[in-house]
Amino acid sequence: MRTNHIAFLFYALSFLSQISCSFEQKAGAYLGQDVAQKCNNGVQDVDEESVDCGGTCPACEEIQVCEMSDDCPEIVSKNQQCWNNICHKRELQYIQSENISTSNFGYSLSLFDNILAISDLSERRCEQDLGEFFCEVNAVVYLYVHEQGQLSRTHRILSKDLEALPPADTTFHNPSYQLSLSDKELAIGVPEEAGCGRGINSDRAPNNCLHSGAIYLINFDSNGWSQQSYIKASNATLSQGFGSSIKLMRDMLIVSAPFESSCSPLFDGAEDSFDCPSAGAVYIFKKDNNKWTQQHYLKSPLPHKHAEFGNLIDFNESHLVVASTQDTSCLENGLPTESGCQPGTIHLFSRDNGEWHYVHSLKSPNETATQFGASISLSKQHLLIGSPYEQICHETTGMNCLPRGAAYLYQFNNNEWHFSQKLVGPVDFADTRFAESVSINAHSILIGDPGDSYCSERRERLECVNSGAVYLYQNQNNIWVRDRIFKSKAPKETARFGSKVVSEDSYYSIAAINEPGCSLGINGGIADDSCLSRGAIYHYTLEK
C-alpha cells in the first residue's frame, strides 16, 4: 500500500511539473490585467498569503527553474529555463579576471550581439628587481566572443597601452573605465584622464588637467586591436568627468561630462562659462568617411549648479535619454520651471531626419523619490528608469514605507513617452537597492538588486547580506510579469550580484563586482572564496 501511495505522489508531481515551468511565468496567462499588476507589485496585499502569491494570485509554492527534465518534456537536458512560454536550454559561463591581484572585475559591461566587453578596475602585477618589489597597476578591458556555444577571450587591453592613466602623483584612483560596444568597435570612457587637449586626436600634453576625461576608440578583429581615435571635449578643462557615461552606435558616439560648468541651455551654446559648477553637459559625435567630428554640445533645458546633467545616458536610433540624478528642477507640463523639487530628472531628446530636438523631461511619479534615474535602459519602444533609493509603502495601507527601490517603465506611442508600469521587488525589508541596475530588450527586463540578502533563489534564508539578486520579467499581454529570480551559484556576503546587468535577445550578463572567488578566466569554479572583492561575471545563453 505504501508503495502505491508513493507511486501516485510521484505521478501527480510529474504531471504538475509538466503543466507549469514556473508559476510566476504562467501568471499572466490566466489573470486579468488588474490582477496581474497586483500580483507583481512586490507587496503583500490583503488577500495574499505572502508577497504576490496566494489568494487571487498564483499559489505560494517554490519557484521552479526548469532544472528537471519533466518540467519541459520536449527538452531532456538539465539547466533549462522558461522563456516566452517555451523552455530553453540555459548555459552559464562564469568569468573572473585572468590575474589574481585584481578588484571590481565587472565594474563596467557592454554586450553587442555575441561580443562581451568587461572592465577590471585595477590589475596589479609586481616584479622583484635587486631585492625590491616594483608593482604596475593597470585598468584592463577584456573582450570575449560567444561562438558555437563557447565563450572565449579574444583581446586584453591595458590602460598603459592607451596612455590612459592619470599622472602618478594625483589623488585619483585608477581609471574607472566605461565601455560601449558597436560591431567591431569599442569606446572606452576614462573620466579620470588628465590630458589638456581639446577635440579629436589632440595632443595629450600637458597632462595636468585632472579629471578632464577622454574617450579611446578601439577597432578590433581576429588579428588584434588598434586605437583609432582619442577624443576630448571641445571645452575640456579640469574636473569635467568627460566619459562618465558613453553610448556608441555605428556612426554615432554620445558622451557625458556631468561635472562640466557652463550655464548655457540646450544646443550649442557658450561652452567656456564656469558659472554653473557641475551643471553637466553631453557631447554628440558623428562619423563620416571614418572621421569623427563633434556635431552638438548639449545642455539641460534649465542648467543649474550641481545638477550633474549626464550622470547616465542611453541612446537608440531615434531617442536620447539623459539622466540628471541631482537635478532639483520642478516640472510644469513636462518642462523645467525652477529648482526646489526632489533630486532626479530625466531629459528626453529625439532625432528626426538627422536633426536633434528636445522633447520634454520626467520626474518620478513618486514625489518623495530621490535620485530618479540612477539607472536607465532604452529599447526601441520602451524606457526603463531605476529609482533604487525610493521609499516603497504598502499599496493598501500606505504605511510601512521602506527604502527598497523601484523601476518605472515608459512606452513611446504617438510621438510621446507615456508611463506604463511600476515594478518593485518582492523583498519587504529596507536598503535592498532594487533597480540599481536595469536592462530592457524586446523580450525581457532584467533588474539588479545588489542589496538582496537571501541565500538562494527560493528565498529560504536571510543571512547572505548584500549577496545580491537579479529579477527577470517577461511581457504577458503588455503587462511585464516577474518570471524568475537569479542568485549567484554560491551567494556570498557583500558580493553585490546584480550590480551591473546587460542583455541581448539570446544573452545576458550579470556582474557581482565584489565576489570573492579565486578562479582565473572562464569557468574556473567558485569554491575558493578567500580572494576578496575580485568580482565575477555570470554570462547566460538561451537556446531553444
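Buried means under 20% relative accessible area, exposed over 50%, and partly exposed in between, worked out with a 1.4 Å probe on protein chains only. The model on your screen is predicted, so local features need pLDDT of at least 70 and side-chain atom pairs count only at pLDDT 80 or more, while totals for chains, interfaces and linings use all residues. Residues are numbered from 1 along each chain as its sequence is written, and side-chain values use heavy atoms, with hydrogens and water left out.

Begin with the whole structure, where a search finds 12 salt bridges, each being a side-chain nitrogen of Lys or Arg within 4 Å of a carboxyl oxygen of Asp or Glu.

Select Glu-98 and Arg-153 next, whose closest N and O atoms are 2.8 Å apart in a salt bridge. Glu-98 sits in the loop between strands E2 and E3, and Arg-153 in strand E6, so the pair ties together parts that are 55 residues apart in sequence. (Strands, E, are DSSP runs of at least two residues, numbered from the N terminus.) Glu-98 is partly exposed at 29%, and Arg-153 is partly exposed at 33%.

Then move to Lys-299 and Glu-260, a salt bridge with closest N and O atoms 2.6 Å apart. Here Lys-299 is buried, with 0% relative accessibility, and Glu-260 is buried, with 1%.

Now select Lys-422 and Glu-390, whose side chains meet in a salt bridge at 3.4 Å, N to O. Lys-422 is partly exposed at 34% relative accessibility, whereas Glu-390 is buried at 0%.

Finish by selecting Asp-251, Lys-286 and Asp-288 together, which are linked in a network of salt bridges.

How values were computed. Helix = DSSP H or I, 4+ residues; strand = E, 2+ residues; numbered from the N terminus.
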